[in-house]
Every structure is written in structure tokens, then in C-alpha cells.
Amino acid sequence: MGYSDYNNQKANELKQNIPYCNGEWNHNYLYEYLVAVNDNRLDYFILDFFKSHYDDKELARILLQDFLLDDGYDGSDSQLGAAVILRRMDKSALAANKELVLLAQQNEVYWKRPLAEDDDLSWLS
């Protein structure tokens, strides 16, 4: 299987397993999408998918609590993907999860912090 064939197959597989359906997030499919955020061959449509969910407070909670702050995923590509998406999310979605955002901001690993170290966090109040 060639490079292009693999990309097309993987993209089609991901498109068939959309992580958001009928108002519910499927954690298994979401995991695959978060890993794909880091794959330059697939990120174009993955980021487009997430774009329509940047204001989703529940997604922000899931990304923070169930991926970024979950030690079971420590260092995984899914955590990196969650951090990338969280950085792009609307402030309203993050503010609704203030405690989790502040907890993540305390992480000693810089890339696990959803906001830049020098960001003004007064909007979280």
C-alpha cells in the first residue's frame, strides 16, 4: 500500500467513525480524532471537524478531564491533540470549565497547558 493509499484509507476510516453523533461524544472515536490532529497527513479535515465544536462546553470538559488531565493517557498523542484543540476553543467553553482549566495550567509540562503562560486569565472569573 502506497503512502497516498494509506492516507486515503485512514481518512475514510476516521470519517466513518465521527466522534459526535446525536448530541453525544464517543470517547473511543474522539481518541482517534485527537491522535489524528498530530498527523500532518490527516489534520486538514480533523481540524475542520473540530472547528464547529469550538464553543462546546462539554467537549472542553471531556478534553480537559478525560484526556489532558487523565494520567492514563500521560504523554500520549491524544493528550497532545486535546491540548491543540483546547487552545483553539472559544473562551466561553473554557470558562465554563474554569477549575479544570486552572488545574491544567499548573502542569509542569508546558504543552499540556491549554493557555499560554503569559495569558491574562481574568476572563475565567
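Student: In which loop does N22 lie?
Tutor: This is a predicted model: local features need pLDDT of at least 70, side-chain atom pairs count only at pLDDT 80 or more, and totals for chains, interfaces and linings use all residues. Residues are numbered from 1 along each chain as its sequence is written, and side-chain values use heavy atoms, without hydrogens and water. Helices (H or I, at least four residues) and strands (E, at least two) are DSSP runs, numbered from the N terminus. N22 lies in the loop between β1 (20-21) and β2.

Student: Is N22 buried or exposed?
Tutor: Compare its relative accessible area with the cut-offs: buried is under 20%, exposed is over 50%, and partly exposed is in between (1.4 Å probe, protein chains only). N22 has 74% relative accessibility, so N22 counts as exposed.

Student: What is the phi of N22 near?
Tutor: Most residues other than glycine have a negative phi. N22 is not glycine, yet its phi is positive. The value is near 55°.

Student: Which residues does W25 touch, not counting residues up to four places away in sequence?
Tutor: W25 is in strand β2 (residues 24-25). At 9% relative accessibility, W25 counts as buried. Contact means heavy atoms within 4.5 Å. By that test, W25 touches P19, Y20, L30, F49, H53, D56, E58, L59 and I62.

Student: Which residues do ring pairs link into a cluster?
Tutor: Rings of Phe, Tyr and Trp (its six-membered ring) pair if their centres lie within 6.5 Å; planes under 30 degrees apart are stacked, over 60 edge-to-face, and the rest tilted. The structure holds eight aromatic pairs. Ring pairs join these residues into a cluster: Y20, W25, Y33, F45, F49 and F50.

Student: How do the rings of F49 and F50 pair?
Tutor: Both F49 and F50 are buried. Their ring centres are 5.2 Å apart and their planes are at 70°, so the pair is edge-to-face.

Student: Which residue lies over the face of F45?
Tutor: A charge sits over a ring if NZ of Lys or CZ of Arg is within 6 Å of the ring centre and within 35 degrees of the ring normal. The residue over F45 is 5.0 Å from the ring centre. It is K15.

Student: What is the relative accessible area of L63?
Tutor: L63 is in helix α4. Leaving out residues up to four places away in sequence, L63 touches L30, L34, L68, A82, I85, L86 and M89. L63 is buried, with a relative accessible area of 0%.

Student: Are α2 and α5 roughly parallel or roughly perpendicular?
Tutor: Axes are lines fitted to C-alpha atoms, for helices over the stretch in contact, with angles from 0 to 180 degrees between N-to-C directions. Under 35 degrees is roughly parallel, over 145 roughly antiparallel, 65 to 115 roughly perpendicular, and the rest oblique. The axes of α2 and α5 are 7 Å apart, at about 80°. Therefore α2 and α5 are roughly perpendicular.
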